Amino acid sequence: MMDAWLSKIVAACKGIGLNYDFLLAADERAAFLHGLLVTLQLSLACIVLSLLAGFLLATLLVSQRRWLAFGARVFVELTRNTPTLVQLYCAFLVLNMLITQALSSSVGNPLTPFIWVVLVISLHKGAFHAESLRAGIEAVPAVTLEAAASLGFSRRRQLWLVQLPLALRFALPSLINNLVDLVKMTSVASAIAVGDVTYQSIMIWTQRDNVLELMLLMLFFFGVLTYAVNLAGRWLEQNLRMPGYGR
Amino acid sequence: MATVLATGVFMSGVAHADATLDKIRQRHKIVVGVLLSGGPFGSIDPSNQKPLGWNVELAQDIARQLGVELETVQVQPSNRVQLLQQGKVDILIAGMEWTQERNEILSFAPTPFYQVGGVAIVPQDSSVRRWEDLRGKQVCLSQGSNYAKPLSTEYGAQVQGFKGSSESLLALRGNNCAAAVHDNILLQPLVNDSPEWKNYRIIQPALIPGNSVVWARKGEQDTVAAIDKIIQGWHQSGWLIATEKKLNITPPSPVLVALHGKFKKI
Amino acid sequence: MADSAYTDAVPLLPQSALVLRQGRTWLLLLLLAVLLGLLLRSGILQLPLLKDLLTWSPALLLGMLANIQISVLAIAIGTLAGLFIGVLQLSSVRLVRLAARGYVQLFRNAPMLILIYFSTYVFPFELHISSHYVSFPDWIKVTLGLALPASANVAEIFRGAMLSIPAPQWEAASSLAFRRTQLLRWIILPQCLRRMLPSWMNLYSTITMGTALASLVGVHDLLDTAQIASTTVNRVDFTVAIYFTTLLLFFIYCYPISRFTHYLERKYAFI
């Protein structure tokens, strides 16, 4: 029944000059659907890890210990000012190879390309999150911090209970923008054969030469995904709103 | 003799030449897509960024015999068919062997100029000894490689396509796949000559060995005829064997010797 | 930030002089020199490696030039188109507004890689103008592919800048009998352009990093040259060195832009 329905849609598309034959081939269809799943997995994993990395880097950036702040700043500047693709190649093609050579053959290298992509993208976007959060942390009015200090909050508790919650709310629009960028960035995973939707599309169009049709599908899919992230962002903004701050 | 024949064919087809030959004549230039995957068959000279190697030598001689200028365009396995079909290149000298699928969408010069097959490169201590051992394992290759289908359907391996052979080989070194499968003309020199690859070995026999031919767009019979004459001339004069020696391609291919013998008699 | 007090006190010194005056920078350079010396000494970094790197550095720099060329052209085209679309978003015709919004949403939500693949494969490789063939090289296709998200983002930045202009400006201008076009040209746009500048520079940085994706479609940019070099030389240590050199070259280009952006942000912070 599903097949008949699909054949009708494919035939209709042929009528307007779009070749979606690959949907009728079971293995290619399964590969494409698997690609969609992998992109979802990548996006979710990267969103969670990048936010964690962002928080960690933000706390390091505003740390009182100069060497920690300096180290974090060097890392942030390095990752923000170099392309993700080059970082991915350095990590996967170079570091991975060096790690494999260093480990003995019995231990083996447990890091798969998927893990490398998640690591690189999370750290890259984590640096952007850290910048947004840092701007948010610095936007917390000094009066509030002084009030907290006068109430006996230690530096760490100030950060955790006063600065970070407020900074999060200030930085939320910027963080959501970063997350939308992150979802789009997962497409670079195709360069190291991770099996996301872009990679599967490439494998299909090198055999079938139907680039435009696959493009339309991918644009639609990413449009839906980014819309979902934006929606989630707006929901968070509504729910985290604090009276007196922001619009 | 071959030159005269070739120019004769070239000139005689004035009224009936196909679109590609017309274009080549009009622009006084032939655009050849060459595969530069490294090694003696195709690479780049660092001092002037010019391509050199077997594929380039053949392209240069074709242009010389046709009496036109040569422009080379570097192609990758992932985009070579598209570039030819879109018209960006006129012919392909890209280590592409004859397959039924390609035959359906492109034309080719019937006389082959080399023989290529796929071999796998694995670490010395790998448990893989034959092609069948790759069942269920990850195999790295280039996007658009024609070894992907036989590997996944016949041997049940899981293929991972990378942008080019260099990325695929780096992934192999990073232990992300059990083997990397590429043309034997690429992998054999690596294992034979390169000290970096002394801990690796080759799985033989070659996968789907086929004749390397020059490809053109479907229906371009005159172009194909002109090129074919040139290639036959190469075999007759032994130029290909001389070029093979000049570029230090080892081991020398028995196919070339056989073809030389065959065409000398004609 | 730790150095903001310092820079506020000496606002007239150029950024480069400030960087050199900080002891931190010299310490970092010294550490780097020591590290380099140690690596050379221990044999991990060999002289043949440095020689190979030097042989390939002209090719790498040419590749970098290709990246810069693509990025500058993409941002130029994108800015012009983006400003146009931005103005269309203010149109009184609802359909035009919707179309402009749709364009912005589409190209902001599409991954850059997909747009690059799209423009490379869908555009023809050459144009027939009368009997001449005008070639449409790959790098121009990539430039157009990058100009699309650039224009959508510029339109969005423009919209944000417009929204941040206080309402009294509009009201005061119209009370002084400015026509709509005069109002836009003399009052609103100059203020907008100043506010747009930091975000625009951020966008330029993003586009520059997007040019690295051009290597995936076969343009001979820096990353592609690095890959060719790595295959030709075919040594592990050289491969490691060349990929990290690529990283370094991108950093050397993008970091000053990022610092300049910060400087602009601070300068225009309270307008």
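Reader: How many residues does the contact take from chain A and from chain B?

Author: Bearing in mind that this is a predicted model, the contact takes 15 residues from chain A and 15 residues from chain B. On the side of chain A that touches chain B, H4 and helix H8 (197-208) of chain A each supply at least two residues, and H4(A) gives the most, with 5 residues.

Reader: And what is that side of chain A like by class?

Author: The side of chain A that touches chain B has 8 nonpolar, 6 polar and 1 charged residues.

Reader: How many residues does the contact take from chain A and from chain C?

Author: That contact takes 26 residues from chain A and 24 residues from chain C. On the side of chain A that touches chain C, the elements giving two or more residues are helix H3 (66-80), helix H4 (84-102) and helix H9 (211-239) of chain A.

Reader: Switching to chain B, which domains is it divided into?

Author: Chain B is divided into domain 1 (2-113 + 213-265) and domain 2 (117-209), and the C-alpha centres of these two domains of chain B lie 27 Å apart. Where they touch, 11 residues of domain 1 of chain B are in contact with 14 residues of domain 2 of chain B. The domain 1 side of that contact in chain B divides into 3 nonpolar, 8 polar and no charged residues.

Reader: What is the strand order in the open sheet of chain B?

Author: The order is S9-S8-S10-S7-S11 in chain B, an open sheet of 5 strands with mixed pairing. Strand S9 (158-162) and strand S11 (200-212) of chain B stand at the edges with a single partner strand each, so one side of each is left without a neighbour in the sheet. Neighbouring strands of this sheet are turned by 25 degrees against each other on average, with direction ignored.

Reader: Do S8 and S10 of chain B run parallel or antiparallel?

Author: They run parallel, with 2 bridges joining strand S8 (residues 138-142) of chain B to strand S10 (residues 179-183) of chain B. Within S10(B), Ala179(B) is the bridge partner of Val139(B).

Reader: What else does Ala179(B) touch?

Author: Leaving out residues up to four places away in sequence, Ala179(B) touches Ala120(B), Ile121(B), Val122(B), Val128(B), Leu134(B), Val139(B) and Ile203(B). Ala179(B) also matters for the next topic, the nonpolar core, where Val139(B), Ala179(B) and Val214(B) touch the most other members of the 196 residues in the largest one.

Reader: Which element gives the largest share of that core?

Author: The largest share, 13 residues, comes from helix H7 (residues 138-164) of chain C. The core also draws at least three residues from each of domain 1 and domain 2 of chain B.

Reader: Then on to chain C: how many helices and strands are there?

Author: Chain C has 11 helices and 2 strands, and from the N terminus on its elements run α-α-α-α-α-α-β-β-α-α-α-α-α. Buried residues make up 35% of the 271 residues in chain C. Among contacts in chain C between residues at least 6 apart in sequence, 77% join residues at least 24 apart.

How values were computed. Residues are numbered from 1 along each chain as its sequence is written. Chains are lettered from A and ligands numbered from 1 in the order in which they are written. This is a predicted model: local features need pLDDT of at least 70, side-chain atom pairs count only at pLDDT 80 or more; totals for chains, interfaces and linings use all residues. Two strands pair if DSSP finds at least two bridges between them. Helices (H or I, at least four residues) and strands (E, at least two) are DSSP runs, numbered from the N terminus. Axes are lines fitted to C-alpha atoms, for helices over the stretch in contact, and angles run from 0 to 180 degrees between N-to-C directions. Two residues are in contact if their C-beta atoms, placed from the backbone, lie within 7 Å. Ala, Val, Leu, Ile, Met, Phe, Trp, Tyr, Cys and Pro count as nonpolar, Asp, Glu, Lys and Arg as charged, and the others, Gly among them, as polar. A nonpolar core is a set of buried Ala, Val, Leu, Ile, Met, Phe, Trp, Tyr and Cys residues joined through C-beta atoms within 7 Å. A residue is buried if 20 or more other C-beta atoms lie within 10 Å of its own, exposed if 12 or fewer, and partly exposed in between; C-beta atoms are placed from the backbone. Domain bounds come from an automatic or database domain assignment.
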